[in-house]
Every structure is written in structure tokens, then in C-alpha cells.
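Here are a few friendly notes to read alongside the model. Keep the 3D view open and find each part as you go.

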Amino acid sequence: MSKYIAALDQGTTSTRCIIFDHSGQVVASSQKEHAQIYPQPGWVEHDALEIWNNAQEVFLGALAEGGLSVSDVAALGITNQRETTVVWDKSTGQPIHNAIVWQDTRTDKICAQLAEEGGQNRFQSQVGLPLATYFSGPKVKWLLNNVEGASEKAANRELLFGNIDSWLVWNFTGGFQGGRHITDVTNASRTMLMDLRTLNWDEDILKIMGIPASMLPEVCSSSEIYGKCTGAFAGLPIAGILGDQQAALFGQTCFEAGTAKNTYGTGCFMLLNTGKELIFSENGLLTTVGYKIGAQSPVYALEGSIAITGALVQWLRDNLGLIKNASEAEELARGVADNGGIYFVPAFSGLFAPYWRSDARGVIVGMTRHTNKGHIARATLEATAYQTKEVLEAMEQDSGVTLKSLKVDGGMIQNELLMQFQADILDVPVIRPAVSETTSLGAAYAAGLAVGYWKDQDALRVNWSKAQEWNPKMNVKKREKLFAGWKKAVTRAFDWIE
């Protein structure tokens, strides 16, 4: 048997390949950033061809770093930024437009028009999602309506649509020379086009959106052999696909109903495993597929999606120049005793869970002459923790589950000030795993299960271990006062966009 499993993690800001061994340890990795394209305020795009080129480059880079060849790898798993939408010509492999990124808000009018009949939750009972700019379906509709000739080409079966997972698999398996056009249930559940019960595309919604079914990928499980790579990676099976947040849930071995993880990346995403039960939220959360392993029944999840967390630290660096690198945010925040009474609500592209307010915009409130850059840095970090608390409260109300601890992963978990404040404001222990690359690990696990590299999910549980735990230290009165201030600050962000 080949010695290793490779995972390709195609994220919002970069693409990374990590190669893991049987104990789930990192053997080699390679990473490359791609351009963030902002054609106008609220619009965010990526060059899908750049992403495809980077994917090949980092895979070759990881093999080179480990001194490995393709034959040393048993399978490839793919995890990806979800909802980011690519439409391409199936005969040439050329995208008809830049990929429209999940953060993009250009579909706000489309969503408002769709909500005129049935409201924001018009399709929730089928797809588990509110009508929001976040999801892929309205983005496809926008592309068909706004790219010259697109609707005619789509009607003539000349175009294909997919989230980034579909785009990569199609290219890896041959592209216009026989590439497989597929997706997995987790990515399909983020399009607003898939029925959560049948795990098939909803014909009624497709008709309402004006999207031809011929554009859509075949929906598969999250763990099976989809096909084999061609070109430089010829013969290597692609055997796992999970949207990035579901991959982190799987990588954290949250296999039992009632277990949860929170990923601190560009945005922040908390998922709670609800088992085989579909729970439709009454508190602003998303109902999604957690994962589906081969022929097994799907496992569902509740998700709280927060648009801006790590991106807010990047904003301090890139837009304001307050820091030179992300790690300086913690140092700056430690220079003050508290937030100085200020709150930073980062509604740069509206507010996601639990509000779903596209009319909201970012605000900093409570400033006085006493306020300095240390307070702004501290309020920046605290914003992530407050938003997470709002999502957790909604999750507990929807599910009836009281979380006893929270497993965390993502880049921001290296910030110990934030992790301690998170434990304090949630009043539960926050636990960091020994292997923090849980998104890539989840994709590797899904692929490894499909090819027999790991026997079963029990074998994956053995790999998980705790690296660090933060326990709450804040008294109840202070916690309640701080959170009440946050709730008040959030209301100041509403109704900014007419």
C-alpha cells in the first residue's frame, strides 16, 4: 500500500497541499496565495484558471518537499471554499467570467426579488438556507443574466457550473477530454439548489432560478473513488470531497450528534453534528449536510456562518496599516487592560448568522479621546468571540444541546488572548487539537477511508489528541455586561444600505 494521503485545500486566499501519514501527522506541505479581485464595492472575484494552476503547483511542491512521487500517495482528497461559483465552457475549459466568491454581495437584488414571494425563508424547508447573497444558486443566475451569450450557451448544454471542488476535479480528471463533472453532498448543500432529503437537485428551484439542470454536476458522497487524475498525477484516485467547514468537522472527529467545532479563518464557521436528524433553524442558522461516507446515510449539521473574523485582522494590516503582520494584533491588544468601552462590528458585507442582514455595514462604536490603537486591536479580536457566542446561543436554542466544550481550529487559534477571551465569553472550555490542519486532515480522512488506507472512523478517532485547553475565568456579571454592549453595538450596524 502507498504510504501517504494527499489533501488539497483550496481556500479563500490560498491553495495548499498537505501530505499526511497514517497517524494523521503532516509529512510535507506547499502553499500559494491567489489574487483577490475587487471590481467594485461589495464584489469579490477569483481567477479560476489561476486557482487551477496553483493547485497543480502546490501538489507538485508538496511531493518535492517530501521527496515523494505520485506512486507514494494512495489517494487525493479535496476540500474547498464553498459557494464560490465557477461557470465554464465544457468544450474549451475556459471560465466565462471570474469565479464569484462567497463573500460577494452583487446578488442582493436577485435575492430580494426571489424573496418577494415567500420571504427570505422561501426555500428553507427544501434546502435549509435563507435567501442570501452567500450561496451559489443566485450567483449562477447572475452570471447567466449578465455575461453576454451565457444564457443561450447554457440552454444549448455548452456550459458547466460548479463550486471550486467541481472545477478542480473536472480539470484533474481530464478537463474537456473526459473530465468528471461531479460534486459532493456538502458542496451541493451550499448551492441553494439541492433538496436535503433526497440529496438531488430540486427541479422547482432550478426552474424558478432559470438554471438548466444540464449545467449541474452529479451529486456524489463525500468519500468514494470519483475518478483518476490525468497528466502529471496520472493514475492517482481522487476519493474524497468535503466543503472546507464540513472537512474541519470531520477532521476534528466530530462524529457523534451533539459534538461541535469552530473554525477561525477568513470568516468563522461553527458546525454542530445533528446526526441523521434534519433540524431546520428558527434562530438564523443554516441546515447543511455534514458529510456522507460512501453508501452510508448522510450526517446533517447546523451551521453558524460569520463572514468576517480573520479578515478583520487582515484589514487592520492591509487597509489601516496598524500592524505589519497578523501576530502583531495580539501584542497590540495586550498593551491595554480591556477594550476601553469600544466594539467593532465587522459587517463589511452585511451580517451572516444569526441576523442575515445584507443592509448592515461595519461600525466601531463607543470611542472617546481615551481610545487608542490597542483598544481597536482588542475590539477586533473580541468581535470574533462575540459573534461566536451569538451563533452558539442560536445553536443551543435550535438543537436543545448544551455544549460542554468547543473544539477549535484555523489560523486564529494561535492567538492565545483571543482563545482565552473566547472561553471566558462562552463560559465553556475551548480545546485546540494537536494537529491544527483539521480542514486538510478531514479531506485526507475522507479519501483514505474510500481506498482502505484507514479501516473505519474508529481508526480516525485514535489519531485525535488535545494540544491545549483554555478554561473560562471571567465572572458572570462582567461576561453579561460585555455581551450586552456587543448586542447594542450590532444594532448600530443595521439599516445602513437603503
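1. Let's start with a term you will need: two strands pair if DSSP finds at least two bridges between them. In general, strands of a sheet pair through backbone hydrogen bonds, and they do so either parallel or antiparallel. Please also remember that this is a predicted model.

2. Now look for the open sheet, which has 7 strands. Their order is β15-β16-β14-β13-β19-β20-β21, and the pairing is mixed. At the edges you will find β15 (286-291) and β21 (466-470), each of which pairs on one side only. On average, neighbouring strands of this sheet are turned by 30° against each other, direction ignored.

3. How many bridges join β15 to β16? There are 5, and the two strands run antiparallel, with β16 covering residues 299-306.

4. Then turn to the second largest pocket, with a volume of about 340 Å³. It is lined by 17 residues, and the closest to its centre are D338, E382, F421, K478 and L482.

5. Which helix gives the largest share of that lining? α13 does, with 5 residues. Helices α12 (373-399), α13 (416-426) and α16 (476-491) each supply at least two residues of the lining of this pocket.

6. Sorted by class, its lining has 8 nonpolar, 6 charged and 3 polar residues.

Key:
Residues are numbered from 1 along each chain as its sequence is written. This is a predicted model: local features need pLDDT of at least 70, side-chain atom pairs count only at pLDDT 80 or more; totals for chains, interfaces and linings use all residues. Side-chain values use heavy atoms; hydrogens and water are left out. On a 1 Å grid over the protein atoms alone, a cavity is a set of points where a 1.4 Å probe fits but cannot get out, and a pocket is an open set with protein on both sides within 12 Å along at least five of seven lines; lining residues have an atom within 4 Å of a point. Grid points are joined across faces, edges and corners, and a volume is the space filled by probe spheres set on the points. Helices (H or I, at least four residues) and strands (E, at least two) are DSSP runs, numbered from the N terminus. Ala, Val, Leu, Ile, Met, Phe, Trp, Tyr, Cys and Pro count as nonpolar, Asp, Glu, Lys and Arg as charged, and the others, Gly among them, as polar. Axes are lines fitted to C-alpha atoms, for helices over the stretch in contact, and angles run from 0 to 180 degrees between N-to-C directions.
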